[in-house]
Amino acid sequence: MRSDAVLNEAVRGPSGPRKHRMLPSWVATTALLLPTYAWLTLAVLLPLLTMFVFSFMSATPMGKAPITFTLKHYRAFIDQPYLLNIGWTSLVIGFWTTLLCAIFGFLAAVALARATVGRMRETLLILILLPFWTNGLVRVFSWTMVLRENGFLDNVLHMVSADTGSISFLYTRYAIVLGLVHGYLPYMILTCYIALVTIDDAIIEAAASLGARWWTILFRILIPMAAPGLISGAVLTFVPVIGSFMEPRILGGKVGVTMGTVIEDQFTQAFNWPLGAALSFTLLAVVLAIFATFSGVLRRGAAA
Amino acid sequence: MNNITRRNTLQLMSAGLIAGAGYSMFPRKAAAAGTITVLNWQGYGTDEAWSIKAFQESTGIEVVHDYYSSEAEMLTKLRTNPGAYDLVVLNAARCAQAMAEDLIAPIDYSKVPNISSVAENLRANENFNKDGKGYAVPWVWGLTALAMREGLPKADSYAVLGDPAYKNRVALQDDAVGVIAAAALLTGQDMNNPKDLDLVKETLKGFKPNVKLLWSTEDQWNKSFAAKEFDVAMYWSGGSVRSKRVSKLPVDFVVPKEGGIGWVDGLGIPASAPNAEGAHAFANWMIDPKFYVEWATKAGAPASSNVAAMEALPADDLSRQIHKPEYIATMSIMSALPDDRREAFNNLWQEVKAFYAE
């Protein structure tokens, strides 16, 4: 079949009837891209630009206080060195969340792509996505019910053995990571799943018939071939996680101080928008620097 | 945050009150016709339908409202619409600002007879007074202090927040101004302008072993308290009333010897008011025990500045039990913060929070 198609193509030759009366390709490209870029400008670039301008102002431009332009907000990490610790905490939380999401998300995607077929697969996919249609705040608050002292987790434990103490870990970094993993897992599952379903079964059958064990198949075939999915999932998870503030605030209690909560405080409590904006752009720069450092790895992975 | 939550709650409560309109239990007086325009938060006492109706029947003055949704908006409206308002509800901190800009005029207390039983400490508050003249009628007040689980020995000082007996059993409010005020009072400083911010910072850092939780909403406070996550906390007086009344929580509201962190809302008359006469009459009505008791028992209200009005509440009223008149004498009242101090407060609190999180 396949060779027939190739043969037909070769016989017909490159000059099919379709080539006639076509607009110059750049016109079509521009026309097709214009709405997208217009929308991006309106929805992303303009707000970002506004925030960027804010970050150089001496005060929030509301009320009648005179506004001058200053760079002092970008010195925050030097003037307030404790911010470095907070930034580091955010990166660590981001790292663990992304790693856990990658492990669980990839395994779930493998199970979905390799162990199921047809309607069963669709149903499972919907079952995985369904909980994520509920509001994130509701999900985070339900975790507080589960994790708090004398909460659901403790009650279950006490049913098994009544004398053990509490295993509650609400208001710790573990709780924050748990909440974040729960929140961002579907991105990882979906991106990995899309990468995995494109892998030809024949390759795996060939590997198995040549005597490869499951771990060889996993590490030599599945992971390298699904790397683009893993990497885009990791980016989709890491970037929002280091800026997250809801999960740290609700699940972290007093340890829930991250760059996200600091920035949120600047906007909501301190009413210091310029500092909040400057911190956001510093964070963005750090993220871009991280991606630039690993760009070689990322490009190779994405091309695989 | 504090104000908004408090007002929203009142808004909700008063929504159910429209049905209660149609009273005429107040005595009919000689009619002094006219209209007054009141500028206030929506659903915050002055616009209770039954009260407006009774006021019009007794004085002939019609009360209409305009609302603001932030204190900055209130000041802007006063600045840009001279002559539009006769009475404005303003927090003590904002009153000082309005007074400095000559947006409001001195009050003629002879036209506000109910002022005689208003707590002297509130009336004489520096935010309401300039050059020996009073610029606002204190209306309602509340305070932030400590809330403890019933049965525990009542603390007499904010030092309890650092008491080793309550290791990991303390909740602080995630609000820079509130926590700094408590630490400033504990170290004997002026909470509106603490001279030694480093001492405040070290005091707050010293609470670290005890701090279990930083709360930001009343709902969060209630849920965590009900789950027995903490025993001692900074909390609002009005919140304590609601926690006891609505959520039936075993809360003791405790005001330590350093005094509470107070707020007070006043009624001011704009310098450009077309009907200052009517505004005085309505201000008098607002601190009248008859109006207050009905407002507090039907809709729920913060504590009245009028001691006689508080005493007119039923003896078992939770709000009356919590807002004791002696607290007014010891509490400090929040003033407006200049921008640089506000920024210093916020940075200090961020640093302390980062230290708690380590």
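**Notebook: gaps and the A–B contact**

I started with the largest cavity: 13 residues line it, and Arg249(A), Gly253(A), Gly256(A), Asp174(B) and Leu214(B) are the ones nearest its centre. My note on terms: on a 1 Å grid over the protein atoms alone, a cavity is a set of points where a 1.4 Å probe fits but cannot get out, and lining residues have an atom within 4 Å of a point.

Before going on, I noted that this is a predicted model, where local features need pLDDT of at least 70 and side-chain atom pairs count only at pLDDT 80 or more, while totals for chains, interfaces and linings use all residues. Residues are numbered from 1 along each chain as its sequence is written, chains are lettered from A and ligands numbered from 1 in the order in which they are written, and side-chain values use heavy atoms, with hydrogens and water left out.

**Entry 1: the largest cavity**

I looked up its volume and got about 110 Å³. Volume here is the space filled by probe spheres set on the grid points, which are joined across faces, edges and corners. Which elements supply at least two residues each to this lining? They are α13 (259-268) of chain A and α15 (339-357) of chain B. Of the elements, α13(A) gives the most, with three residues. Helices are DSSP runs (H or I, at least four residues) and strands are too (E, at least two), numbered from the N terminus.

I sorted the lining by class and found three nonpolar, six polar and four charged residues. For the classes, Ala, Val, Leu, Ile, Met, Phe, Trp, Tyr, Cys and Pro count as nonpolar, Asp, Glu, Lys and Arg as charged, and the others, Gly among them, as polar.

**Entry 2: the second largest cavity**

Searching the whole structure gave me five cavities of 30 Å³ or more. From chain A, its lining has Asp265(A), Gln266(A), Gln269(A) and Ala270(A); from chain B, Asn346(B), Trp349(B), Gln350(B) and Lys353(B). Again α13 of chain A and α15 of chain B each supply at least two residues, and α15(B) has the largest share, four residues.

**Entry 3: where the chains touch**

I counted 25 residues of chain B in contact (heavy atoms within 4.5 Å) with 24 residues of chain A. About 2,300 Å² is buried between them, and carbon and sulfur atoms give 47% of that. Buried area is the accessible area (1.4 Å probe) that two parts lose on being put together, summed over both. Lys212(B), Gln350(B) and Ala357(B) supply 22% of what chain B buries against chain A, more than any other three residues.

How many salt bridges cross the interface of chain B and chain A? I got three (a side-chain nitrogen of Lys or Arg within 4 Å of a carboxyl oxygen of Asp or Glu). In one salt bridge, Lys353(B) meets Asp265(A) at 2.6 Å, N to O. Both residues also line the second largest cavity.

On the side of chain B that touches chain A, β9 (211-215), α8 (218-226) and α15 each supply at least two residues. There α15(B) has the largest share, ten residues. By class I noted eight nonpolar, four polar and 13 charged residues on that side.

Methods
On a 1 Å grid over the protein atoms alone, a cavity is a set of points where a 1.4 Å probe fits but cannot get out, and a pocket is an open set with protein on both sides within 12 Å along at least five of seven lines; lining residues have an atom within 4 Å of a point.
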